[in-house]
Amino acid sequence: MKWFVLLGLVALSECIVKIPLMRVKTMRKTLSEKNMLNNLLKEHTYRLYQISSPGSNATTHPLRNIKDMLYVGNITIGTPPQEFQVVFDTGSSELWVSSFFCSSPACSKHVRFRHLESSTFRPTKKTFRITYGSGSMKGFLAYDTVRIGDLVSTDQPFGLSLAEHGFEDAPFDGILGLSYPDISLTGGIPIFDNLKNQGAVSEPVFAFYLGKTKGSVVMFGGVDHRYYKGELNWVPLTQAGDWRVHMDRISMKRKVIACSGGCEALLDTGTSLIIGPRRLVKNIQKLIGATPQASEHYVSCFAVNILPSIIFTINGINYPVPARAYILKDSRGHCYTAFKENTVRSTETWILGDVFLRLYFSVYDQGNDRIGLAKAS
């Protein structure tokens, strides 16, 4: 993959609980040519803006697809506004960016928040630590005005990094978590909850359209129906707290290959691939003829035309993921699979990342504790 998994969480103060939600290392490997990513970003500079969708309450904010491995969008923090490029992540609840207090090499490569230049900045003494799949950050909690386009969250809790490890080549300045307050490591109110509480959004709903090329967006306060086909299929959360639902099974050629007795699936925009238990993922790699090499499993690129779809059945509805979606190509032109083993032992849980979410428009309804899925337009 590249930037594989889990933007998600970990720990407060000195107590560190590892729930991997993003592995930064693989994008570095895929874009192994030095400066390739930086050159890419320089060649395709862009400016994000916000659009109110006609006939919809949704406020739409553009995202940028970085090599099919993650999606980033711009926000501003402070007064006057300072702009940052962040990952919009449904797998975590914290908002944090790099700061001038941070002396790590990773921070020097990113835009850093200049606290002395913001008249609305308010620091605290509360510190926290987050460990991701192959990176970590340590920071402290502060408050300031945060803007996502025209949406304004005043006195918003956010983290400022004091140290970062593993994010040296990350094409983002921070992470914006969109999960529930229940999994917040800092105890601060997540930005979407603050927007909701301050009346900035008309409905407690946000949604993602993750495109292959241009046109990716996150929308707040409603749903723009132009981004999906047919009807939304609503799935209740297994429990309010994170964006996790019950999944019936995973099958291929009418045979169940995983999740045979039902399992859980976490829909995570901060994860690049599809993550599952080691034993079951190994079985899927074997079924599709993938050969392990380093940290990836490779197949012939011609296999895209002959491999069957893998079907994820959720709430009685089949969501096929065809081979063209779960077979990816690296910078050398070699093809590898989008399935990755979860190193955390737990009950059977699958993480459906961008490989799945590029195919299916997803709606996160916090008011009714449910997720809506429909085929993306």
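Predicted model: local features only at pLDDT ≥ 70, side-chain atom pairs only at ≥ 80, totals over all residues.
## Starting at a cysteine

Let's begin with Cys 301, which is partly exposed, with a relative accessible area of 29%. How does Cys 335 sit, buried or exposed? Cys 335 counts as buried, because its relative accessibility is 4% and the cut-off for buried is under 20%.

Where are the two ends of this bond? Cys 301 is in the loop between strand E22 (296–299) and strand E23 (310–314), while Cys 335 belongs to strand E26 (residues 335–337), so the pair ties together parts that are 34 residues apart in sequence. The torsion about the S-S bond of Cys 301 and Cys 335 is about 105°, so this disulfide is right-handed.

## The other disulfides

A disulfide is a covalent bond between the sulfur atoms of two cysteines. How many disulfides does a search of the whole structure find? The search turns up 3 of them. If you number the bonded cysteines of the protein chain in sequence order, they pair up as 1-2, 3-4, 5-6.

Take Cys 102 and Cys 107, whose sulfur atoms are 2.0 Å apart in their disulfide. Both Cys 102 and Cys 107 are buried. Their S-S torsion is about 75°, so the Cys 102 and Cys 107 bond is right-handed.

Then there's the disulfide of Cys 259 and Cys 263, where the sulfur atoms are 2.1 Å apart. Both Cys 259 and Cys 263 are buried.

## The chain as a whole

Stepping back, the protein chain has 7 helices and 30 strands. It runs to 377 residues, and 59% of them count as buried. The accessible surface of the protein chain comes to about 15800 Å², and carbon and sulfur atoms account for 51% of that.

## Spaces inside

There are 4 cavities of 30 Å³ or more in the structure. The largest cavity has a volume of about 60 Å³. It is lined by 14 residues, and the closest to its centre are Ser 93, Glu 94, Leu 95, Pro 157 and Ile 189.

Which strand gives the most to that lining? Strand E11 (residues 151–165) does, with 4 residues.

## Around Thr 145

Thr 145 is part of strand E10 (residues 135–148). With a relative accessible area of 8%, Thr 145 is buried. What does Thr 145 touch, leaving out residues up to four places away in sequence? Its contacts are Thr 76, Ile 77, Gly 78, Thr 79, Thr 120, Val 152, Ser 153, Thr 154 and Asp 155.

Thr 79 and Pro 80 are joined by a cis peptide bond, with omega about 0°. Pro 80 is found in the loop between strand E6 (70–77) and strand E7 (82–89).

## Two positive phi angles

Cys 259 comes up again here: its phi is near 55°, a positive value in a residue other than glycine. You'll find Cys 259 in the loop between strand E18 (255–258) and strand E19 (263–267). Its relative accessible area is 1%, so Cys 259 is buried.

Asn 315 also has a positive phi, of about 55°, although it is not a glycine. Asn 315 lies in the loop between E23 and strand E24 (317–321). Is Asn 315 buried or partly exposed? Asn 315 is partly exposed, with a relative accessible area of 43%.

Definitions and conventions. Residues numbered from 1 in each chain as written. Heavy atoms only, no water. Buried < 20%, exposed > 50% of the residue type's maximum accessible area, 1.4 Å probe, protein only. Areas by Shrake-Rupley, 256 points an atom, 1.4 Å probe, with all protein chains shown as cover. 1 Å grid on protein atoms, 1.4 Å probe; cavity = no way out; pocket = protein on both sides within 12 Å on 5 of 7 lines; lining within 4 Å. Points joined across faces, edges and corners; volume = space filled by probe spheres on them. Disulfide = S-S within 2.5 Å. Contact = heavy atoms within 4.5 Å.
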